[in-house]
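Q: Can you walk me through this structure? I'm new to this.

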Amino acid sequence: MKLHLEISESFKIALSALTANKARGALTALGIIIGIVAVITTMTAANGLQISFRASFASVGSDVLYVSQRPWIQNGPWFQYRNRPPITLAASEALERKLLNRGVVNPSTGQNASIKYQSVVADSARVIGTTDKQIIVSNMLPSAGRFLMPFDITYKKHVVVVGSEIAENLFGQFDPIGKDIKIGMYKFTVIGVMEEQGGSVFGGPNYDRQVFVPITTYNKVFGNDGGQANIDIAIKAPSPDVMEDFEYEVIGEMRKIRGLKPIESDDFAINKLGTLLDAYNSIMGVVVAVGLGITSISLFVGGVGVMNIMFVSVTERTKEIGIRKAIGAKRRNILMQFLFEALLICLFGGIIGLAFAAGITEIINQTLLPASLSPAIIILALLVSMLVGVVSGFVPAYRGAKLDPIEALRYE
């Protein structure tokens, strides 16, 4: 009970001292405000980048494996991947048979081409040759019309499903279903429009500028007929829980299909979303660490400012300290008084910094990235503010607590 009263009294004295010197307290807190704003903005921006990254590659699928000629993240010399034999449509069909329907297998390939409707041209569109299983492995659905059907692939139909941006650029407000467009030199009939996906922040594929045609038609008009064009094979696992075992199974079956001997290395790559996430986390981990290190300098400077002001405050109130000790105040009372004062300065600075950071975060959210202040970041910011207050105020407070009451009373 006695300790509780001492703490309450020390807190009231600290609050009274801050109230008596509002301008000095506000200027002292400015460094903390700037530091908190810088640190929080860095954290929310990094979190927003991660959300954007995941959204940009959402169609890759966390439960989908991709068999490709080259890895997405190349660690070795480029020529060792260039000389690998292509992945063919025949290999995809063989893999589907060997997996015995335990996974959804979808071959695809693509290239950039211009797309024309009457006099309107959409340049640099991505033409994807694929099958009806594309919507299963990518979780993308048409918003109008339909997607490719098995008979489109079997009979090499000249039909196309267009991305939302392509549909808007070519047709505006008009219904594109049933209209004929030209992809390169070849005529295709629009049978569907895909849901809007949004562009990539990271320079990845813009799914809204893609169009989908039967892979058999693609090979006939854009590639080598007979399925010899280089393709990627997407395989959706039966369940995310069996991804690791399923990956080993796919590797084993592909080695058989490619005729590789046990001593030979794989001449294909298994890619997955985890590969991209690992690379992203490695890069962003360094970037965020450097960013927080740089922005934390302002918080450090703010802490030094608080320490300096607390030394000044202790010096100015030396006689007051002597009087308090003379009437019975203990060292811990003086220590708590100045610690509370430093802590309150930093806590007020942290709260104001949070308010500014929330405004900046909202601007970022509206203009650049899906950033937001999470409860964890708010709590962390307040804890850091208080920690800076305790660390910055401890030495001045300890100095004040150690003052000899007789010498303090003589101070002028």
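A: We'll go from the overall picture to a few residues and then to ring pairs.

Q: What kind of model is this, and how are residues numbered?
A: This is a predicted model, where local features need pLDDT of at least 70, side-chain atom pairs count only at pLDDT 80 or more, and totals for chains, interfaces and linings use all residues. Residues are numbered from 1 along each chain as its sequence is written, and side-chain values use heavy atoms, with hydrogens and water left out.

Q: What does the chain average in pLDDT?
A: The average is 83, and 89% of the residues score at least 70. pLDDT is the predictor's confidence in each residue, from 0 to 100.

Q: Where is confidence lowest, and where is it highest?
A: Lowest is helix α1 (residues 2-20), with a mean of 66. Highest is strand β5 (residues 159-162), at 96.

Q: How many helices and strands are there?
A: The chain has 14 helices and ten strands. Both are DSSP runs, numbered from the N terminus: helices are H or I with at least four residues, strands are E with at least two.

Q: How much of the chain is buried?
A: Of the 412 residues, 44% are buried. Buried means under 20% relative accessible area, exposed means over 50%, and partly exposed is in between (1.4 Å probe, protein chains only).

Q: And what about contacts along the sequence?
A: Take the contacts between residues at least 6 apart in sequence: 77% of them join residues at least 24 apart. A contact means heavy atoms within 4.5 Å.

Q: New topic. Where does threonine 41 lie, and is threonine 41 buried or exposed?
A: Threonine 41 lies in helix α2 (residues 22-56). Threonine 41 counts as buried because its relative accessibility is 18%.

Q: What does threonine 41 touch?
A: Leaving out residues up to four places away in sequence, threonine 41 touches Ile360 and Ile364. The side chain of threonine 41 also reaches the backbone oxygen of valine 37, at 2.6 Å.

Q: OK, where is aspartate 266?
A: Aspartate 266 is in the loop between α9 (243-258) and β10 (269-272). Aspartate 266 is partly exposed, with a relative accessible area of 30%.

Q: Which residues does aspartate 266 touch?
A: Arg84, Ile251, Arg255 and Leu260, not counting residues up to four places away in sequence. The side chains of aspartate 266 and arginine 255 make a polar contact at 2.5 Å. That term means a pair of N or O atoms within 3.5 Å; within protein, one must be able to donate a hydrogen and the other to accept it, and residues adjacent in sequence count only if both atoms are side-chain atoms.

Q: How far apart are the C-alpha atoms of aspartate 266 and arginine 255?
A: They are separated by 6.9 Å, and the two residues are eleven apart along the chain.

Q: Now rings. How many aromatic pairs are there?
A: A search of the whole structure finds six. In one of them, tyrosine 117 and phenylalanine 171 have ring centres 4.5 Å apart and planes at 45 degrees, so the pair is tilted. Rings of Phe, Tyr and Trp (its six-membered ring) pair if their centres lie within 6.5 Å; planes under 30 degrees apart count as stacked, over 60 as edge-to-face and the rest as tilted.

Q: Are tyrosine 117 and phenylalanine 171 buried or exposed?
A: Both are buried.

Q: What about phenylalanine 394 and tyrosine 398?
A: Their ring centres are 5.9 Å apart and their planes are at 15 degrees, so this pair is stacked. Both lie in helix α13 (residues 375-402), four residues apart, about one turn of the helix.
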